[in-house]
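Here's a walk through one protein model, from the overall layout down to a handful of individual residues. Keep the 3D view open as you read.

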Amino acid sequence: MSNRPDRQVHDPNFLTLSVDPALHGVGVGAWIGTKLITGAYLPRPIRADSRGAGAWLALVKETSNWWLSWAPRLPDVVVVEHMEVYQRTGGRGVIGKPDDLLELQGVSGAIVTLAQHQGYSYLPKHWKGQVPKDVMTNRIRDRLTVAGWSEFVAWTNNAKHDCDIAHGVGIGMYHLGLLR
């Protein structure tokens, strides 16, 4: 995992892709410098229950095609969420399904290969703290509205997908120093 950089934050020409991986697709944010260009949800282009390298590659191709549909080149920087297995209180089992977290980490690792210069990953506890998912989603949406960027996001009216979009954009905001 990398710490937030200084150079990219201040370079107005850097293209940054920020990604929140999910099992059935990814929420993404696209940035030029510190300006949000767009946010979207990209579904897996193959069977939703497919797993492993083939599924990861298909999602990387889908993300790359989406990116290149509007950008002149692949992103300079890719920012992803780094998965972590959380132990339950008292050490009795784990929260979440470890196999799903491994799958998500595979997606993150595959997508970060699109970076032309640098990849960054952040644990959820570092970029969003202990804030509940729905609270963080609303916080990010509020910040987008205040910044005048909400209109650049392709919201889906599907709560799960919109959460993925918000978190894909949110991790980019965190990386660029726009989310505290």
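## The big picture

First things first: this is a predicted model. The protein has six helices and seven strands. Starting at the N terminus, you'll run through them in the order α-β-β-β-α-β-β-β-α-β-α-α-α.

Of the 180 residues in the protein, 48% are buried. As for how the chain meets itself, take the contacts between residues at least 6 apart in sequence: 69% of them join residues at least 24 apart.

The largest nonpolar core has 22 residues, and the ones touching the most other members are Trp127, Ile140 and Leu144. Several elements supply at least two residues each to this core: strands S3 (35-43), S4 (77-81) and S7 (118-122), along with helices H5 (133-147) and H6 (159-175). H6 gives the largest share, six residues.

Setting aside residues up to four places away in sequence, Trp127 touches Glu81, Tyr122, Met136, Ile140, His167, Gly170, Ile171, Tyr174 and Leu179. There's also a second, separate core, this one with 20 residues, and among them are Ala40, Val60, Ala110 and Ala115.

## H5 against H6

Now for the helices. H5 and H6 pack with their axes 9 Å apart, at an angle of about 65°. Angles of 65 to 115 degrees count as roughly perpendicular, so that is how H5 sits relative to H6. The crossing of H5 past H6 is left-handed.

On the H5 side, the contact is made by Lys133, Met136, Thr137, Ile140, Arg141, Arg143 and Leu144, and on the H6 side by Asp162, Cys163, Ala166, His167, Val169, Gly170 and Met173. Sorted by class, the residues of this contact come out as seven nonpolar, three polar and four charged. Two of the H5 residues here, Ile140 and Leu144, also turned up with Trp127 among the residues touching the most other members of the largest core.

## H2 against H3

The other helix pair is H2 (residues 53-68) and H3 (residues 98-112), whose axes come within 9 Å and cross at roughly 45°. H2 and H3 are therefore oblique to each other. Here H2 passes H3 in a right-handed crossing.

Ala55, Trp56, Leu59, Val60 and Thr63 make the contact from H2, meeting Leu102, Glu103, Gly106, Val107, Ala110 and Ile111 of H3. That gives eight nonpolar, two polar and one charged residues in the contact of H2 with H3.

## Buried residues to look at

Asp164 or Ser50: what relative accessibility does each have? Asp164, found in helix H6, is buried, with a relative accessible area of 2%. Leaving out neighbours within four places in sequence, Asp164 is in contact with Asp20, Ala22, Gly27 and Tyr41.

Ser50 lies in the loop between S3 and H2. At 18% relative accessibility, Ser50 counts as buried, because the cut-off for buried is under 20%. Not counting residues up to four places away in sequence, Ser50 touches Arg44, Ala55 and Glu103.

## Out towards the solvent side

Ile32 lies in strand S2 (residues 25-32) and is partly exposed, with a relative accessible area of 33%. Ile32 and Asn13 are 19 residues apart in sequence, yet their C-alpha atoms are 6.0 Å apart in space. Apart from neighbours within four places in sequence, the contacts of Ile32 are Pro12, Phe14, Leu15 and Ile37.

Last stop: where is Asn157? Asn157 has its place in the loop between H5 and H6. Asn157 is exposed, with a relative accessible area of 77%. Its backbone is worth a glance as well: Asn157 has a positive phi of about 65°, although it is not a glycine.

How values were computed. Residues are numbered from 1 along each chain as its sequence is written. This is a predicted model: local features need pLDDT of at least 70, side-chain atom pairs count only at pLDDT 80 or more; totals for chains, interfaces and linings use all residues. Side-chain values use heavy atoms; hydrogens and water are left out. Axes are lines fitted to C-alpha atoms, for helices over the stretch in contact, and angles run from 0 to 180 degrees between N-to-C directions. Helices (H or I, at least four residues) and strands (E, at least two) are DSSP runs, numbered from the N terminus. Angles under 35 degrees count as roughly parallel, over 145 as roughly antiparallel, 65 to 115 as roughly perpendicular and the rest as oblique. A crossing is left-handed if the near helix is turned anticlockwise from the far one by less than a right angle, and right-handed if clockwise. Contact means heavy atoms within 4.5 Å. Ala, Val, Leu, Ile, Met, Phe, Trp, Tyr, Cys and Pro count as nonpolar, Asp, Glu, Lys and Arg as charged, and the others, Gly among them, as polar. A nonpolar core is a set of buried Ala, Val, Leu, Ile, Met, Phe, Trp, Tyr and Cys residues joined through side-chain atoms within 4.5 Å. Buried means under 20% relative accessible area, exposed over 50%, partly exposed in between (1.4 Å probe, protein chains only).
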